[in-house]
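I opened this model to look up a few local features. My notes follow in the order I took them.

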Amino acid sequence: MREVRNDCSLYSFCIEGEWQLFLAGITRQVRALIFYGFALFCFVCFINNSQAALVKREIIGLYDSLREAEPSATAIHNLLEMPLNHLGYSIRYVDVNAGLSAMKPTENTAAVVSWFQGVLADPHQYFAWADKQASSGLQFLVFGETGIRDLEDDGAVLNLFLQHLGLRFEAGFVMLTSASSDLRLDSELTAFERPFYKVLPGYSLVTRISPEGQSIASVQPPVRVATERTQLAFIGAGGSYVQPGFAIATDDVLNRQKWLIDPIGFLQLALKQERFPIPDTSTLMGRRIYFSHIDGDGWNNVSYSSKYRGQKALSGEVMLRELIEPYPDLPVTYGLVTADVDRSEGGDDRSVGLVKELFALPQVEVASHTHSHPFHWAFYRDYDRAKELALIREKNVAKEPAAEGPVSWLSKRFFGESGKASFKTYLAQNVSMPRYYMRKPFSLVGEIGGSLSQAESFAPSGKKAKLFLWSGDTQPFEEALAHTRKLGVYNMNGGDTRFDRDWPSLSYVAPLSRQVGEERQIYAVSSNENTYTNDWTGPFYGFSQLHQTVDNTESPIRLRPYNVYYHTYSAEHDASLRAVRKHLDRARGGAYLPIFASQYAAIANSFFGVKLYQASDHSWLVLNRGRLQSFRFDDAEQWQIDLAKSKGVIGSRHHQNSLYVSLDPAVRVPEIVLKSSHSTGDEHIASITDARWQVYDWVHKPCRIGFRAFGFGAGEFQFRGLSSSLHRVKVRREDELILSDNVQPLPDGSLRLDLAVSGMDPLDISLTCKNWASTARMATMRRRP
């Protein structure tokens, strides 16, 4: 943006509206392109001619590739990225071995975070760079190992850097800590998920050298070792430092970990986060998002459900009849393993017909779960067909997998006749076979683009496959991710979020995505039934535990949407069918906003592109938000939206201690303006508190509002700011009036509106005061000369 000239020779042309004359007579499509081009140009001019400041949302995540092979293997990704995402930040991972130029901050960089696992190859070079960046004002969040060899060799460069944090390393290490005394803890940020240690692990001697900052955890070392207090966790002027073992504690017996410090609260304080609208991926129209997606594994497996016993019904059919058809109000995205219905791989007319029936349902979205179902994506980064065939021969497979009716050879080997074979045992016994169907050579084009096209071919005309769901280890390589992007589809899966009594920590809640080179993989919100059933060996009711994760990621703060994610083989047993139904029934009865999985993937992907410009103390402009339409202010009980000054805001809602703001997708550059919750002046400006349907093209005038909406199930809307007089509600689909009725807001201007009509196709909805037409005519007459 800085490259745009501040004089903007066409700036006055923009703001004076002369472009309207230029557009006269041009076709509608060209006119729209020119309009948006000029709108963007005018906004760039505005930014350059104003004091609007870019809100910095990027964190540089430094890792050492000699110890952590890739970003998704780092402690930063597995422990810190989710809390940072929740606070509105994205991480740009940089290998410290890639050179100083790769670590260069951008205008969007807010801080640098490190969680090294040992000694760096060149700590002197790194700390010289870090000192320079910290001197320029960049914040550093240092967790775990610092990366030095020892204090004798590297202490000077380390302490030169640490002075920006207000700390200094001293010679010595306390191994036997029983003689330590006077442990002091910040009561709000420590003992978060478990009590603090009764006996401390070993610690370095780190003293405080600046009065600025806040001690989060400190201790008095044994007298024979040192006289000054040691900082175990500290937030200083230039960032923060947490010693190894004092951020999160691991139970080696149970193989579980829990946070000692509150990661969200600590990071918020360490980043000195000023208030800004946080892009929120959990909420739409003030309600928690609900979506469901199914991986196609097990389509051809025989179901042993009691209702279908003896019928040799396919699991795909049972899933259709029991989990999808009865829920027309709940959208679901089905990822087909296209080889399952490919006649050359073993599919038959029966399975093809069922897929067509499934994809014809309006609540079902078409997706691909690959063609041949790779288990190990890394095997196909540099594919070698000869190596793949050798794996088959190694297990004395005389022929390549061929068709055996509805259940393929590999399906039997993978799931077993009854569906009880262990996935891990299968992989171990079969030398980790790299994919499910190996009859044909692997092709990335066929695996992704081909499977998407094939899935679409089973759907009604015009119904597109917009989502690719990763299979197996869900660890696609960069080229595979790039292929989905080039095809214009979203990708998702992986993450395996659990937050329940078996995995009782925020540390098991995955971040939004996985960075792979220059590409991005969007994670599923929740884990699937495989992790609840010991890799599909039982108990088959295990997936019923999902509600614990759903609850724990909603309260005390909303972290994630409600995601019901399972496989077709959940239709094999009564217990697994009941487990899925439990969550579908809960979603049906709850105050959620249901969407397709591809829309969630689009929302999560859009999070990383959002640009925010602060125009004044309480005003922000939103750019490049893509499909993301909700923004959140935390600790916001004392704030509300200034509807009179905001632009493109449909409504807002306080939930927990946050303020959720709903934007109009039709407004390209909205402006969000806050005011005190005690302020008055726009009580009679109508807005929507929350809704089950998505809303756009919002227009509000005195005594009249109009908008377009679409969604699943009955339409539910909660309005405020309406006139208390009787209103006429009209609902149209295109030019057809399908509902007209009177509704009466409460004296405070609130109104709950329930529409018992289908919203799968967009509807035009209006609410007008009964006396609005005559009032408007009188106002027009008064304006006449």
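I began with Cys 703, which counts as partly exposed because its relative accessibility is 24%, and the cut-off for buried is under 20%. The model is a predicted one, and I kept that in mind throughout.

Next I checked Cys 769. Its relative accessibility is 3%, so I logged Cys 769 as buried.

Then I looked at the sulfur atoms. Those of Cys 703 and Cys 769 lie 1.7 Å apart, and the two residues form a disulfide. I found the count of disulfides to be one. I also noted the torsion: the S-S bond of Cys 703 and Cys 769 sits at -100 degrees, a left-handed link. The pair joins distant parts of the chain, 66 residues apart. I placed Cys 703 in the loop between strand S33 (694–701) and strand S34 (704–710), and Cys 769 in strand S39 (residues 763–769).

I turned to helix H13, residues 444–457. I read off 14 residues and a reach of 19 Å from first C-alpha to last, close to the expected 20 Å. Where does H13 bend? I found the bend at Gly 450, and it is about 35 degrees.

Which residues of H13 are buried? I listed Leu 444, Glu 447, Ile 448, Gly 449, Ser 451, Leu 452, Gln 454 and Ala 455.

Last, I asked what covers these buried residues of H13. The cover includes three strands, S17 (332–336), S18 (364–368) and S19 (467–469). Helices H9 (349–360) and H14 (478–487) are also among the covering elements.

Notes
Residues are numbered from 1 along each chain as its sequence is written. This is a predicted model: local features need pLDDT of at least 70, side-chain atom pairs count only at pLDDT 80 or more; totals for chains, interfaces and linings use all residues. Side-chain values use heavy atoms; hydrogens and water are left out. Helices (H or I, at least four residues) and strands (E, at least two) are DSSP runs, numbered from the N terminus. The expected span of a helix is 1.5 Å times one less than its number of residues. The bend at a residue is the angle between axes fitted to the seven residues ending there and the seven starting there. Buried means under 20% relative accessible area, exposed over 50%, partly exposed in between (1.4 Å probe, protein chains only). Contact means heavy atoms within 4.5 Å. A disulfide is a pair of cysteine sulfur atoms within 2.5 Å.
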